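Please examine the sequence and the three-dimensional structure shown below. The report that follows describes selected features of the fold.

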Amino acid sequence: MPKDMKEKLEEIAKQVCSDAGVSIYDFENIMTQKGEVISVQITKIGGVTLEECTRVNRSMGHILEELDLIPNKYFLEVSSPGLERPLKFKKHYLSAINEKVRIQYNLENEKLTIEGILLEVNPDTVKLQVGEETQEIAFSAIRKARTVFDFGVKKEKL
């Protein structure tokens, strides 16, 4: 799909989300063997409801049909990013301050994973509270990151 088409789809998604009182968390447009998939993840403070996902899906679907932007078969998916949401952009990290996160990163020739409370997001680094210590990780070293939801399940020792 041409870049300007993807930008147009994302612009439509942003407007529909704004009208529905939610924000876009992530937007993807990918081609699969079954057709094009337009995936919109929405968020708001306190979480999104199924009704809000449905409203955004229907509104965006109507606009896409009216404008007839996509000539081939496509699938429109609208969802929340979930309890354990990926952190791809700096704005995602900012929204996760004071939450538990898991970060996979490179340090020299090692691949490491760390879990802790996200304390700060700086221009080039993030700072985590890991136990009694704080650790700073460069954005350039991060391979993958996500929030971690504590389901409150206590493991019993045998």
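Predicted model: local features only at pLDDT ≥ 70, side-chain atom pairs only at ≥ 80, totals over all residues.

## The five-stranded sheet

E6 and E7 are part of an open sheet of five strands, whose order is E7-E6-E5-E4-E8. The pairing in this sheet is antiparallel. Which strands form its edges? They are E7 (133-138) and E8 (142-147), each of which pairs on one side only. From one strand to the next, the twist averages 40°.

## The three-stranded sheet

A further open sheet consists of three strands in the order E1-E2-E3, and its pairing is mixed. Its edge strands are E1 (23-32) and E3 (74-79), and each of these pairs on one side only. On average, neighbouring strands of this sheet are turned by 15° against each other, with direction ignored.

Strand E2 (residues 35-43) and strand E3 run parallel and are joined by six bridges. Within this part of the sheet, Val40 stands opposite Val78 of E3. Helix H1 packs on the sheet and touches E1 and E2. The direction of H1 makes about 145° with that of E1. Helix H2 lies across E1, E2 and E3, and it runs at about 150° to E3.

## The two helices

How do the axes of H1 and H2 cross? Helix H1 comprises residues 3-20 and helix H2 comprises residues 50-67; their axes come within 10 Å and cross at roughly 140°. H1 is therefore oblique to H2. The crossing of the two helices is right-handed.

On the side of H1, the contact is made by Leu9, Ile12, Ala13, Val16, Cys17 and Ala20. H2 contributes Arg55, Val56, Ser59, Met60, Ile63, Leu64 and Leu67. Classified by residue type, the contact of H1 with H2 has eleven nonpolar residues, one polar residue and one charged residue.

## Two residues of H2

Leu50 is found in helix H2. Is Leu50 buried or exposed? Its relative accessibility is 65%, and Leu50 therefore counts as exposed, the cut-off being over 50%. The C-alpha atom of Leu50 is separated by 8.1 Å from that of Ser79, although the two residues are 29 residues apart along the chain.

Glu52 also lies in helix H2. Why does Glu52 count as buried? Its relative accessibility is 8%, and a residue counts as buried when this value is under 20%. Leaving aside its neighbours within four places in sequence, Glu52 is in contact with Val22, Ile42, Lys44 and Gly47.

Key:
Residues numbered from 1 in each chain as written. Heavy atoms only, no water. Axes fitted to C-alpha atoms, helices over the stretch in contact; angles between N-to-C directions. Helix = DSSP H or I, 4+ residues; strand = E, 2+ residues; numbered from the N terminus. Parallel < 35°, antiparallel > 145°, perpendicular 65-115°, else oblique. Left-handed = near helix turned anticlockwise from the far one by under 90°. Contact = heavy atoms within 4.5 Å. Nonpolar A, V, L, I, M, F, W, Y, C, P; charged D, E, K, R; others polar. Pairing = 2+ DSSP bridges. Buried < 20%, exposed > 50% of the residue type's maximum accessible area, 1.4 Å probe, protein only.
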